Amino acid sequence: PAYAGARLGIDKLAARLGCTVRHWVPEKADDIDEQKALLRAALDEGPDGIVLVPAHGTALNPLVEEATGRGIPITSFVSRPVGVPVCFFAGSDDRE
């Protein structure tokens with residue numbers, strides 16, 4: 001149920017803009033293997049973009065790189081991948 005408010009906000013904005021949103025939400029918080037599987041499934045559908053809250057700094061990097069290599073923009077909030085760029089990040093700058 002983490003980030004339920006953010007998902008609701010995304011749904012409302014998408015409805016206003018006429019967009020379709022699909023949520024890929026892990027059953028278990030911070031389960032890296034589950035998050036990898038969900039991101040793989042999302043990539044297999046060929047989305048126009050992905051909003052990601054990575055549970056680990058580098059574990060999803062190969063999939064993030066695949067997405068960006070395919071022209072699928074990645075936006076992250078709260079946390080971001082380490083060592084791979086994303087199109088946009090919303091959160092605190094606690095790395096410097």
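Predicted model: local features only at pLDDT ≥ 70, side-chain atom pairs only at ≥ 80, totals over all residues.
Leaving aside neighbours within four places in sequence, V64 touches L52, I74, P81, V84 and P85.

I noted the basis of the entries: residues are numbered from 1 along each chain as its sequence is written, and side-chain values use heavy atoms, without hydrogens and water. Local features need pLDDT of at least 70 and side-chain atom pairs count only at pLDDT 80 or more, while totals for chains, interfaces and linings use all residues.

I next traced the largest nonpolar core, which has 11 residues, among them V64, L52, I74 and V84. Such a core is a set of buried Ala, Val, Leu, Ile, Met, Phe, Trp, Tyr and Cys residues joined through side-chain atoms within 4.5 Å; buried means under 20% relative accessible area, exposed over 50%, and partly exposed in between (1.4 Å probe, protein chains only). Two or more core residues come from each of α2 (32-45), β1 and α3 (61-69). I recorded that α3 gives the most, with 3 residues. Helices (H or I, at least four residues) and strands (E, at least two) are DSSP runs, numbered from the N terminus.

I then examined V51, which lies in strand β1 (residues 50-52). V51 counts as exposed because its relative accessibility is 51%.

Finally, I searched for disulfides, defined as pairs of cysteine sulfur atoms within 2.5 Å, and the count was 0. For C19, the nearest cysteine sulfur is that of C87, 16 Å away. C19 is partly exposed at 45% relative accessible area, and C87 is exposed at 56%.

Methods
Contact = heavy atoms within 4.5 Å.
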